[in-house]
Every structure is written in C-alpha cells, then in structure tokens.
Amino acid sequence: MPPQANKKTDWVVSKKEMTKEALKKSFQFNRQYTLSKDQYTATMHDNYLALSLSIRERLIERWINTQQGYHKKDARRIYYLSMEFLIGRLMGNNMYNLGIEKQSKEALEDLDLDMDTVREQELDAGLGNGGLGRLAACFLDSMATLGIPAHGYGIRYDYGIFNQKIKDGFQLELPDEWLRSGNPWEFARPEYTVTISFYGRTQMYQDQNGQLKTKWIETEHVLAVPYDFPVPGYKNDVVNTLRLWSARSSEEFDFDYFKSGDYEQAVYKKVLSENISKVLYPSDNISRGRELRLKQEYFFSAAAITDIIRRFHAENPNLKDLPKKVVIQLNDTHPTIAIVELMRLLVDEYSMEWAEAWGITQKVFAYTNHTLMPEALECWPVDLFENLLPRHMQIIYEINAQFLKRVSECYPGDTDRLRRMSLIEEGFPKKIKMAYLAIIGSFSVNGVSQLHSDLLKEKLFKDFYDLFPEKFNNKTNGITQRRWLLKANTRLSSLITKNIGNGWVTDLNQLEKLNALKSQKAFRDEWFDIKKHNKEALAKFIDSSMNISVDPQSIFDVQIKRIHEYKRQTMFAFYIISQYLLIKNNPKAFIYPRTFIVAGKAAPAYSMAKLTIKFINSIADVINQDKSVSSKIRLIFLENYRVSLAEKIFPASDLSEQISTAGTEASGTGNMKFMVNGALTIGTLDGANVEMSKIVGEDNIFIFGLKTQEVEALKQKGYNPREYIERYRMLWEILNLIQRNFFSPYNPGLFNPIIDSITQSDPYLVCADFESYCQMQDKVSTMYLNRDEWIKKSIINVSKSGYFSSDRTIREYAKDIWKIPVQS
C-alpha cells in the first residue's frame, strides 16, 4: 500500500533520503497522489513518471541550495549559449549523478517492476543535430561536476531532430514529438518571461540631456517563456540549470476576426509567433525558412541576454562591472547576434556611451568555432537582417566601420585586407559574416582540436589571427565518462572499478592504471567476455528491430554519425562492396567476418546525403540476401540514430570508422566515445584523431590516407580522381558495378549522382585515399585474428582515453578563458 502521508514531516524527510525504502515510499506517493493511479490502473508510463518525480524531488533541494549559494557568494557565472542541447534521456543520467541507481532499481524490484522496462518509456530529448548539441550536454554535465556556476541557454523546440524512418531504403522524416506525453524534468518559469521584438523601424531622437539617441519602434512582439532543467553534478550536491525558451504569442487571438467568424485568421498571429520554437533547424532552402532560422537565433539569444542582465542586477547595480561577474560562451556562430543585442541594450536602454559599451561587450563574450568549412560559417543576407532586426543592422554597420578603421591603421593602404576582413561581404546579395562578428566581439576564440585550431589561425581566420593573436587558443573537445562509460557500459565500468577503484568517474586519467593489467590473462578474459556480452546484446536488438541475425563473433565495424559527404560514408560503402567482390571472386583471400553497422541522419534538404543512405541500404539488400556472402559479412543500417541508440552501439563496437578527409573535421567526439568503450580506431589524421594517435601510440590505432598538407598540395596541383581509379583495379570494379546498376536494378541511374561526383570532381578525395584505406583494413582483419593482441590494444585505448574527458576540457576553459576556480 502507498504511504498514508498522515505525518507530513515523515513524507518530507523521505524526499531527502536516498535509501531504497525512501525511494519506494516516494514512488508510491507520487503514483497515487500526484498521478491519481494505483498499482492496478497505472500504465508503465505512469510508473516512469512516478519514478521520475521521485528522483526529481531529490534534485530540487540540492538545486535550490546550489543557486542560493551562487547568489550569496555573488559568484562569477558562466552562461553557455547554444542552439542545440542533445540531452537525450535524463532519468538514468540523473540517477547515476545522484548516486541512487542501485537503490532505485531495488525499490522497483520490491514493487515487481523492472527498471529497464520503466526507463524505456522515456523519449529522447533530441534538441540537437549531432556533435554540437551532444558536446553542449557533456559540457553542462562537466561544469556541474566541477562545481562551476554555470547556466545553459537554448530553445525548447516542440519538435526536435526528426524521427528517421527507412522505407525502401530511403530516409523519411517524421516529427519528433518528444513532449507528447509530458516532460517530468522541466519546470516552467512564466514569471521570467521576456518580450522579444522583431521588424519595425528605428527613430532618432534627443534625450533630456540633448544627446542624439536611437529607439526601435513599431515592432512585433513574441514572448519567450523559460523552462528550467536541473543539471546535477556527480555526487557533489551541485545542481546547475539549463534554461530553454519557448515562444508564445503576445496575443492569444484577434477578437475582431473572432467576432466575424474568421476563426483561422483570429489565431493566425498566435500560430505564426509560436512557430519560432516549433522545430529544430527549419529548412533554409526557402526564404521563409531562412527568416525563421534567424528569428530562432535572435529569439533565444535576446532572451538570454535579458535574463543574464536580470541575474546580474540581483547583486550588482552597475553594468560597468558586468565583465567581473559574467562570461558568455558562444557555442558556434548561431548565438553571435547576442553580441549585438548586448550592445543595443547598453547603448539604447541603459544610455551608455558606445566606446564604453563596446569595451564591456568585448570583455564578456568568448567564441568557440566548430567548423573548417567556409560554407558552414553563417552569413545572413543584409536585406533579410535589416527587415527583421533594423536596429541591430545599424549597430553592425557601426561595429564594422570602427573595426575597419583599426585595420586600416594597422595595415595602411592594404585595401584587399579591408575587403577580406569586413563584416559585410559585398555582392548580390550583400551578406553579414557572423563568424567575423563573433571574433571581433569576443575576448577569446577557440578551436576544438589542435589541428582545427591551427588551421583556423593559418587558413580560415588568418587575417584575424594576425591582428588578434592573443585571442586564439585551443580547447580540444571531450565527452563525459559518466554518460558514455559509467551509464552506457555498466559491465565494463564494474570491471574497471573492481580493479582500480571508482576515482576514474571524476578523474578519467586514472584509467591509466589499466595499462598495468593488460598482461594478466584473467583480466583480458573478463574484458573479452564483457565485449562479447555487449555484442550479443546489440545483435539481439538488431534481430528484434530489423529481423536480421548478425554474428557476435564477427568484427563489429561501425560508422555512426551525421551523414555528410566530408565524413565519407561513401568510402565506407565502397570498402564494403570490395569485401563483397572479394568473397565472390577470391574467397580464400577473405580474412575475417565482419558486421558493418551504419547509423546517422541526413539533413532533409541534403539530397546527396539522403542518396547515400539509399545507396548503403541497397548494398545491404544485396549482401544480406546473398547466402554465399551473408555468412561472412552483413551490413546493417540502424534507423533513427539518437543518444539512447548510441548508448547501445558504442559498448558493442570493435572498430570505429573516423575516415573524414584530413582538414575537414573540426574535432569529432564519436571517436572518443568509441575509444573509452574499448573500440580501436581506423581513421585519417583529421580532427581529434591527431591527438588520439599521439596519445595512444601509432601501434594502437590504424591511421591511413593523406595528411592535411598533402590534401592541400594535391588540390593545388590539380586533383584528377580518374588517375586513382585507373591505378587501383578494385576501385574501378566497384564503380563499374554501381554504374551497371547492380545495386539499383529496378531504378537504373539512381546512383549516377554519386558516380558523377566521385569520378568527375571527388571533392573529398575518396579515390585518393581508398587504396590506403583498404590496405589498412586488411591490417585490421589480420590483427583481429590474434585475440590477445587485440584485447591488449583495446585495454590500451581505454587506459589512454583520460585526456578526452569533457572534465579536462572544461577545466581548461575555466583556467584559460573563464578565469574561474573549479572543485578539485
């Protein structure tokens, strides 16, 4: 029976306690009195909600105490602005960080409930597209664990990254209704709603002191309503806040239209306003989509800036002291408009002189760049920007004018440099270079791997590095081991803790102690058995979800990431075809069975990426239905890649495919998740692979392909992919097979765009790297034949993964950029 709660004090105490009995009492109380259900009427989702509320209760007191502590200390705070927070499921993460996973599981068992079944009721919060959003989530976890006074700001999208359905091999996009059953982890804070303005015009006027001022008038308004998510640190009683903004109309409906019977028009403005937070990344192929994307960026950035100033004013009356108490970290270029919004508020609303306001702004913002692709750097058409945010356009023009004045003073007569460094790109249409604005308006600019940071200084932002060398630094990305090892790979975590203690959970460098154990046969056998179990679990999932059986004794060779040409899923597909041809034509040369696993989503408007998904699935159809090869190789495309699915895949993987063209990947974090779970890496010297190779040693990673400098030299010389096709017979046979419609017999010419791209331009040098890739894959297969050596290398990889913890990354941000202490 649930507790009667006659003694209110007993019930309150039970909320604070972390024991099995206290959790069981909370669960029963919440199920009966909060959800109005009992053990007979409760659905499994009700049980999930009851447990979530019980866990949440144990977060709340710690959350309030943490925030009160920050206020009392008047702490310097970090505000992390990101368009994406790919937080996934929160129940397991919150249990682990509170240290109540075991007690919660036992409490459910006493009530004849299975923890895994209950946890499966939670939907992934897919509020991100990939690495950018997942990195932001890892960083929030690390900031809380290190006791850093931090707040995340983003958008509470009604629909996150789409749900991917594979039909006839093609990707279909379905809405991700992650809020359809409610969300027990969020708290609405309507009392902190912010009014956001758009459109209108500017007007000059004289203030009471005779000073010429500008005001933004005749605007349209949208309300930004905040929802707070608690972010607990690991067993340290710190709970930080992720605040996500939801758009609400400032007018529920137009009563005049309503009275006349035009009910659709009566709510038109409401629907239009609330579209802002409706969906993650609207298509920017059409003008309305571009405008909505810009609205989203300004909406959450402006709301965040207003909220930051409100928090600041709670203890500090003078905005001149803002840099002493506030650092705003921009996660890529999306929130760059926040720089202009702060300037608008300081100059227009708080009547600060321009020079003083700009000085404050430049001391508050720090910018993280996440791309080496010039085309991925946001540029907004001036006419679109001017129509939507007329006052901000004026401020950008002024920032640009004063900046170019400084450039001309430093480089007199260098008009070409002025053109290159201008925030405004001339042409049709004229565009605003947001990355340049982020650099100018920030005191720190960092890349996310050593190679990436070097290339920013040497190539992409060379002019700015020449002018501001002190701003540029590197902060190699990391992952939180608490999500990606402790939670995702419980058996391996237990083995590690049994042998070296649990200090690694907050200090991943302690995994170095595993290196001494690799020579012990008993330890290697346990390591092998755990990997075998994880592979069997994934094989069972594949069988139940796809009705395809795979061999857990085969090499699980995995490429899971966003589908993009530079990530070269096509090259992986070519290698799979090569193995198919090898088995058909020369089976004795085939070395060891493999299960090839691919997962990832393509942007809905990215036709080549979507065709790549169809291509991979068409190859899978041929291989998996051919009995002469399917006993040796299988190809699986797992649909709807998401955080909870990734947690199943990483622990089961043997080989991690990190094969992007050198000089294209900023960092990558999937490579780190594979590494900490004991997979070996095959990859190019790109992104964080460079540091990984140095740390783990060349004998424990499979590196192939052209280096960044060689890629540049080849392109400058004049790259001709046909030279490589003619030189390497296997590549020619693969392309010939595709061209003869072997993988598309009922749709001739379907894959011609892939063939044309590879044979005519091959922008990401698949042909140039393919032979080297295949040779290295042979070494992988040969190495796997020696089980003991493979396991030793797996142990070495895990033992050397300490550098790639997001805790280390955040410590570096705190020390070098934010100038803030962290918990030891």
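Predicted model: local features only at pLDDT ≥ 70, side-chain atom pairs only at ≥ 80, totals over all residues.
Residues are numbered from 1 along each chain as its sequence is written, and side-chain values use heavy atoms, with hydrogens and water left out.

**Nonpolar cores**
- A nonpolar core is a set of buried Ala, Val, Leu, Ile, Met, Phe, Trp, Tyr and Cys residues joined through side-chain atoms within 4.5 Å, where buried means under 20% relative accessible area, exposed over 50% and partly exposed in between (1.4 Å probe, protein chains only).
- The largest such core has 144 residues, and F461 and W818 are those with the most contacts inside it.
- Helix α11 (residues 287-315) gives the most to this core, with 12 residues; helices (H or I, at least four residues) are DSSP runs numbered from the N terminus.
- A second, separate core of 71 residues includes I555, L655, F702 and I754.
- Leaving aside neighbours within four places in sequence, W818 is in contact (heavy atoms within 4.5 Å) with R76, I78, M143, I148, V327, Q329, I810 and Y813.

**Helix α33**
- Within α33 (residues 752-761), the residues I754, I755, S757, I758 and T759 are buried, and the buried residues of α33 pack against α24 (569-585), α25 (607-625), α31 (721-727), α32 (729-739) and α34 (766-785).
- D762, which follows α33, has a positive phi, near 45°.

**Cysteines**
- A search of the whole structure finds zero disulfides, a disulfide being a pair of cysteine sulfur atoms within 2.5 Å.
- C138 counts as buried at 1% relative accessibility, whereas C410 is partly exposed, with a relative accessible area of 42%.

How values were computed
Helix = DSSP H or I, 4+ residues; strand = E, 2+ residues; numbered from the N terminus.
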